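Keep the viewer handy and click along as the residues come up.

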Amino acid sequence: MTAAPEIKGWCPGALRPMLSGDGLVVRIRPPFGSLTPAQAAAIAEAAQTHGNGIIDLSARANLQLRGVTQASHPKLIDDLSAQSLIDPDIETESLRNLIVTPFLDAETAVLAATLTATLTRMPRLPGKFGFALDTGPRPVLTAASADIRVERAADGRLILRPDGLPFGKPITDLAADTLALADWFLASGGVTNGRGRMAALIARGIIPPGCDTAPATPLPQPEPGLHPDGALVALAFGQMQAETLSALAALGHEIRLTPWRMLLLVGATRLPELPGLVTDPADPILRVTACTGAPGCPQALGETRALARSLAARLPEGKSLHVSGCTKGCAHPGVSDLTLVATARGYDLVHGGTAQDTPSHRALMPSAIPDHLPDHTKAPNAPPL
Ligand code: SF4
């Protein structure tokens, strides 16, 4: 029988890193999800000097430096502090759990400053409780993890939408209304044993008053390529080497982090050609997601990324595959067409579900997995496993 994965109930930060299989994971939450070229260059250098040079872009649009040691952590914090990337204390860092739309206009920048200041006054919320500021004309962050969302209605009004509810409440005062909704969440029984999410409370039929306004129709997730705001470049599995970030910094653009395993180079009018970047939206690697897996994650029961990479080209266009090192499903909590979950006896396969759903096949060896992919992917030119 497989042991259930450990649920920590909190996210790592820079001041409170998390121990993983390859050392400490140090999560940097750049203010408003934005980096100047100097900040990006400094992070790349710090990742090489104090970590193992591997940088993850998280599903909450943060950067994670891997392979940091207890000895190198203090110096890393010094170097990041010099770039204004470190909060004054762990509590402030934990509270600043905010994703801002990468398509940042002037009004959103003002709202982001207001909301960031408001977060310092929040009541004590569960560690994973987060906020999304998604105030372009149409939402783009609906698939990103957040509990309280600021969006626009079709007529342009700002609304505050509790995650899990299709309607929000028109905002009269962003700070006061956000604090009131957080207070309502706590008072309504949203937290048990220090944990809880807004969508779970809503699913119990507990609804805040005044939520009667639908958001504008969300936009589909953008693809890599040129956009009105700049160039969107993707990272396989949301991971890059420090050299890639260093080369991006040298291009001189502001870099905005997204929850889509992509970086936005603000104002860029050409796609950079750099090793480690995916710029073709048809690249099969974009059809697969995979967590760190073994050996990087101590909870993993199997390797994930090499397997996902080997299967990517066998997936038909439009199909998605998630390879997870255990049932926790960190890389993709949502539904995929196919999900492979590592177990002590091979990989379990779930069709149309998540890593926690009941598999249709159990204990598959990697060589047997292609037989379970859709038939037309077994093309003669499909790469060998
Ligand atoms: S899903 Fe992957 S990264 Fe998350 S705990 Fe399991 S093995 Fe580790």
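Which backbone nitrogen lies 2.9 Å from a polar atom of the side chain of Asp348? It belongs to Ala363. That counts as a polar contact, meaning a pair of N or O atoms within 3.5 Å, where within protein one must be able to donate a hydrogen and the other to accept it, and residues adjacent in sequence count only if both atoms are side-chain atoms.

Before going further, some housekeeping. This is a predicted model, where local features need pLDDT of at least 70 and side-chain atom pairs count only at pLDDT 80 or more, while totals for chains, interfaces and linings use all residues. Residues are numbered from 1 along each chain as its sequence is written, and side-chain values use heavy atoms, with hydrogens and water left out.

**Buried residues**

Back to Asp348, which sits in strand S19 (residues 346-353). Helices (H or I, at least four residues) and strands (E, at least two) are DSSP runs, numbered from the N terminus. Asp348 counts as buried because its relative accessibility is 10%; buried means under 20% relative accessible area, exposed over 50%, and partly exposed in between (1.4 Å probe, protein chains only).

Gln39, part of helix H1 (residues 37-50), has a relative accessibility of 11%, so Gln39 counts as buried. Its side chain reaches the backbone oxygen of Gln83 at 2.9 Å. Val68 in strand S5 (residues 63-68) is buried too, because its relative accessibility is 2%.

The chain splits into domain 1 (18-88 + 224-266), domain 2 (93-203) and domain 3 (284-377), with bounds that come from an automatic or database domain assignment. Between the C-alpha centres of domain 2 and domain 3 there are 32 Å.

Where is empty space left? Rolling a probe the size of a water molecule over the atoms shows that. On a 1 Å grid over the protein atoms alone, a cavity is a set of points where a 1.4 Å probe fits but cannot get out, and a pocket is an open set with protein on both sides within 12 Å along at least five of seven lines; lining residues have an atom within 4 Å of a point. Grid points are joined across faces, edges and corners, and a volume is the space filled by probe spheres set on the points.

A search of the whole structure turns up two cavities of 30 Å³ or more. The table sorts the linings by class: Ala, Val, Leu, Ile, Met, Phe, Trp, Tyr, Cys and Pro count as nonpolar, Asp, Glu, Lys and Arg as charged, and the others, Gly among them, as polar.

| Space | Volume | Lining residues by class |
|---|---|---|
| Largest cavity | about 110 Å³ | eight nonpolar, three polar, three charged |
| Second largest cavity | about 30 Å³ | four nonpolar, no polar, five charged |
| Second largest pocket | about 400 Å³ | eleven nonpolar, four polar, four charged |

The largest cavity has a volume of about 110 Å³. Of its 14 lining residues, Pro30, Phe32, Gly33, Asn62 and Leu98 are the closest to its centre. Strand S6 (residues 98-100) provides the largest share of that lining, three residues. Domain 1 (18-88 + 224-266) and domain 2 (93-203) both give residues to the lining, so the largest cavity lies between them.

The lining of the second largest cavity includes Arg27, Arg29, Asp87, Glu93 and Arg96. As for the second largest pocket, about 400 Å³ of space lies in it. Ser94, Arg124, Leu125, Pro126 and Gly127 are the closest to its centre among 19 lining residues, and helix H3 (residues 90-95) gives the most to that lining, with three residues.

Most residues other than glycine have a negative phi, and most peptide bonds are trans. Phe32 has a positive phi of about 60 degrees although it is not a glycine. Phe32 sits in the loop between strand S2 (23-28) and strand S3 (34-35), and it counts as partly exposed because its relative accessibility is 30%. Asn193, also not a glycine, has a positive phi of about 50 degrees. Its relative accessibility is 78%, so Asn193 counts as exposed.

The peptide bond from Ala294 to Pro295 is cis, with omega near 5 degrees. Pro295 belongs to the loop between strand S16 (288-290) and helix H8 (305-312).
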